[in-house]
Amino acid sequence: MKPEPVIDRKRLIELLNADLAREYQAIIAYTVYSQTLKGAAYNQIASELEKHAGEELSHALQIARQIDYLHGTPVTVPAKVKLSDKAEDMLRFDLENERQTIINYRQRIRQAEALGEFALGEVLRKIIAQEQDHLIDLADALGIEPPRPDGSASEDA
C-alpha cells in the first residue's frame, strides 16, 4: 500500500463533503429499495434495508458535525442514486456503494490522523464497523461472499 499524500484541512473538508453526499445517497437508496424490493425472497432484506437507512442518517449527521467542526459547510445534494427494476441489481448497487464507502473512510482516517484530527478518525472507525455490517448483510442477501474493500472479489464471479 502506498502512503497517503498529506492534505490540508480544506481538502479534507472537500473529501468529507463527498462522503456526506454518498451518505445522503445511501439514505435515499435504502429508503427506496426497502420499499420497492418485491417477492418473498426479499422480505427479510427489505426490513434490514429500512434499518440501514436510519444508520446511514446517523452517519450523515456525524460527518456533517465533523465538517462543521473543521469550519466547513456540509453539502446538501446527494450523490446520484442508481435505480433498477431488478431486486438483485439494487442489492448489488448497495453492495458496491458500501465497499467504496469503506475504502473512502479508511483513507479519510489516515488523512485525518496525519492532520492530528484523531477524534475524526475515531468517529469514522465506528461508522466503518456499521458499513461493514451492511456490506455483509447485502452479500448474504445476494448469496455471495462479501467483497474485500481493496477491490478483490472473494466471490465466484
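The legends below describe close-up views of a predicted model. Local features need pLDDT of at least 70 and side-chain atom pairs count only at pLDDT 80 or more, while totals for chains, interfaces and linings use all residues. Residues are numbered from 1 along each chain as its sequence is written, and side-chain values use heavy atoms, with hydrogens and water left out.

**View 1. Helix H2, residues 43-69.** Helices here are DSSP runs (H or I, at least four residues) numbered from the N terminus. The end C-alpha atoms of H2 lie 40 Å apart, which agrees with the 39 Å that its 27 residues should span at 1.5 Å a residue, the expected span being 1.5 Å times one less than the number of residues. Among the buried residues of H2 are Leu49, His52, Glu56 and Ile63, where buried means under 20% relative accessible area and exposed over 50%, with partly exposed in between (1.4 Å probe, protein chains only). Their cover includes helices H1 (9-36), H3 (87-114) and H4 (118-142), and just after H2, His71 takes a positive phi of about 70°.

**View 2. Contacts of Leu37.** Leaving aside neighbours within four places in sequence, Leu37 is in contact (heavy atoms within 4.5 Å) with Tyr42, Ile45, Ala46, Leu49, Ala87, Met90 and Leu91.

**View 3. Lys82 in the loop between H2 and H3.** Lys82 counts as exposed because its relative accessibility is 52%. Apart from neighbours within four places in sequence, Lys82 is in contact with Tyr33 and Phe93, whereas Ile127, 45 residues away in sequence, is 23 Å away in space, C-alpha to C-alpha.

Notes
Helix = DSSP H or I, 4+ residues; strand = E, 2+ residues; numbered from the N terminus.
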